[in-house]
Amino acid sequence: MWLTAATAAQLPDLTGMRLAAAVHLDIKAAVFLEAFAEAGAEVAVTPVNPVTTRADVAAYVNSRMRVFDAADAGVPPVEACLDWSPTHTLEMGADLTAAAVARGYGRLAAAIEVTRSGIARLRGLDLPHPVFDLDRVPLKNNVHNRYAVGISTWQAFMSRTNLTLHGSVVVVVGYGEVGSGLARAAASLGARVLVAEESAERRLIAEYEGYETGTLAVLAARADVLVTATGRERVISESVLALLTSECFVLNAGHCANEIALDVLGPGTEVLPHVTSHRPFAGEILLLSGGHLVNLAAGDGDSLNSFDLTSALMLCAVGWASSGAAGHAPGVHPLPPEAWAPSIENY
């Protein structure tokens, strides 16, 4: 992760910053978290999902900084992180900011949000501090979202099922940047790709890129593999699950497992590691990684070199926020170019 290393070397002195990070705690996270600590920040971490947390990485990070997790008896990790009195946050999913709003915690100078799901979650909240949207940075949006996630998702699918996508009908739900990357990668691996998208504009884009489109209610019954990447709760609803043919695989490439109506599926029976069989209706539904983010929960996440750019962007954003966020009003803001330009200059 040479770009991360080059960007870390240019971080300003972060002494005095108390950075709370709510992130997927895999090996790549250890690299950028350690860089913040080496720049002088005090760092506390709460994993955003125990299913995507590597125990060895958590133990290593906890030896260098503070990790709040479910083992902290009596206090939810997010609340424990706020009790630690952070001045800044770096988040994947807005857990800390949402909790700060609920609590009335007013000590945060700024937050950096990395995901589209997190930004959507903050809509309508009375934010007490500025939140800067890293997901909309063109480099994050058009490189990481559009390319890296699709590749790592199908790598995880193939390694866990021992199947390729050749001859399979893959229905991609949602045609944002992640959805388009899922479609492109699946097609390159031999799948016939259909795109379920509510937006007429994005359906047109998908059609220009060669995919058949329609509504989820129409396309679900044709799926051999159904993958969601919308950030919307229960988009794979009970009515959608009831349409699926027997032995259809269902997986989630979005941030939260709540994109799938897991309560309808029930607990299931493990048939392979990370693959469970469910029979809420007449046929069988095969769920990957319990509906959690499949590339991290059932695989190794994005490749080191592709995530290198996103990691460098996070370093730039936090370094900039240490002083550049001053004077911004509470609410969600675009991350200004001066906050992320150094990462591409290093590239």
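Biologist: Which residue in β11 does V227 stand opposite?
Modeller: V227 stands opposite L251. This is a predicted model, in which local features need pLDDT of at least 70, side-chain atom pairs count only at pLDDT 80 or more, and totals for chains, interfaces and linings use all residues. Residues are numbered from 1 along each chain as its sequence is written, and side-chain values use heavy atoms, with hydrogens and water left out.

Biologist: How many bridges join β10 to β11?
Modeller: Four bridges join β10 (residues 225-228) to β11 (residues 248-252), and the two run parallel. Strands pair if DSSP finds at least two bridges between them. Strands (E, at least two residues) and helices (H or I, at least four) are DSSP runs, numbered from the N terminus.

Biologist: What is the strand order in the open sheet?
Modeller: The order is β9-β8-β7-β10-β11-β14-β13-β12, eight strands with mixed pairing. At the edges are β9 (212-214) and β12 (269-272), each pairing on one side only. On average, neighbouring strands are turned by 25 degrees against each other, direction ignored. Axes here are lines fitted to C-alpha atoms, for helices over the stretch in contact, and angles run from 0 to 180 degrees between N-to-C directions.

Biologist: Which strands does α8 touch?
Modeller: On this sheet α8 touches β7 (169-173), β8 (192-196) and β10, and its direction makes about 170 degrees with that of β7. Contact means heavy atoms within 4.5 Å.

Biologist: And at what angle do α7 and α8 pack?
Modeller: About 45 degrees, with the axes of α7 (residues 138-161) and α8 (residues 177-188) 7 Å apart. The two are therefore oblique to each other; under 35 degrees counts as roughly parallel, over 145 as roughly antiparallel, 65 to 115 as roughly perpendicular and the rest as oblique.

Biologist: Which residues make that contact?
Modeller: Among them are N141, Y147 and W154 of α7, and E177, L182 and R184 of α8.

Biologist: Changing topic: is β1 mostly covered or uncovered?
Modeller: Mostly covered: five of the six residues in β1 (residues 18-23) are buried, meaning under 20% relative accessible area with a 1.4 Å probe, protein chains only.

Biologist: Which strands does β1 pair with?
Modeller: Six bridges join β1 to β2 (residues 42-47), running parallel, with A21 opposite V45. With β4 (residues 88-91), β1 pairs in the parallel sense over four bridges, and L19 stands opposite H88 there.

Note on methods. Buried < 20%, exposed > 50% of the residue type's maximum accessible area, 1.4 Å probe, protein only.
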